[in-house]
Amino acid sequence: MSEASKPLSAEELQAMLDHSPFISFLGLKITEADAANEQVTMTCDMRPEFERGKGTGQWHGGPIAAIIDTVGDYALIMALRRGLPTVNFRVDYLRPAIRTRLITTAKVRRAGKSVGLVDVDVFNEQKALVAVGRATYSTLAG
């Protein structure tokens with residue numbers, strides 16, 4: 001297998017995450033990078049800047065959406081070894097996330113020549129499903 005076709009490791013993915021100022025601010029940490037199953041899991045700790053209301057400890061939907069988009073993108077980046085633009089994106093919020101770390105898992109459903117489709121599940125620390133997302137990314141070579 002050539003270096004260009006070898007999937008990125010968890011360490012390489014984490015280095016890419018840490019290199020982006022915004023993603024670094026989110027504080028996403030890779031806990032699993034399973035290239036064979038085309039699946040990535042990351043955690044994100046609550047911080048005051050993510051609160052819906054000051055002092056509530058409740059996650060605002062904006063950071064959750066950003067996490068879903070990022071983790072979904074990185075599920076495809078693992079195999080394609082490059083950043084991909086988001087084409088379409090949706091989130092369903094199922095329950096409030098309050099005073100909890102988020103555990104987010106992205107599963108590639110399609111990695112085609114022009115688009116990739118990824119499903120993303122967001123859980124709280126009690127393993128309750130908080131939100132689900134689906135995103136389409138352009139996989140066309142730049």
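User: Which residue in strand 6 is the bridge partner of Asp121?

Analyst: In strand 6, Asp121 has Val132 as its bridge partner, where strands (E, at least two residues) and helices (H or I, at least four) are DSSP runs numbered from the N terminus. The model is predicted, so local features need pLDDT of at least 70 and side-chain atom pairs pLDDT 80 or more, while totals for chains, interfaces and linings use all residues. Residues are numbered from 1 along each chain as its sequence is written, and side-chain values use heavy atoms, without hydrogens and water.

User: OK, and how many bridges join strand 5 to strand 6?

Analyst: Nine bridges link strand 5 (residues 115-123) with strand 6 (residues 129-138), and the two run antiparallel.

User: What order do the strands take in the sheet?

Analyst: Six strands make an open, antiparallel sheet in the order 1-2-4-5-6-3, with strands counted as paired if DSSP finds at least two bridges between them. Strand 1 (29-34) and strand 3 (86-93) are at the edges with a single partner strand each, so one side of each has no neighbour in the sheet.

User: Switching topic, where does helix 1 lie?

Analyst: Helix 1 (residues 10-19) lies across strand 1 and strand 2 (39-44), at about 140° to strand 1; angles run from 0 to 180 degrees between N-to-C directions, with axes fitted to C-alpha atoms, for helices over the stretch in contact.

User: Which residues of helix 1 and helix 3 meet?

Analyst: Leu13, Met16 and Leu17 of helix 1 meet Thr70, Tyr74, Ile77 and Met78 of helix 3, contact being heavy atoms within 4.5 Å.
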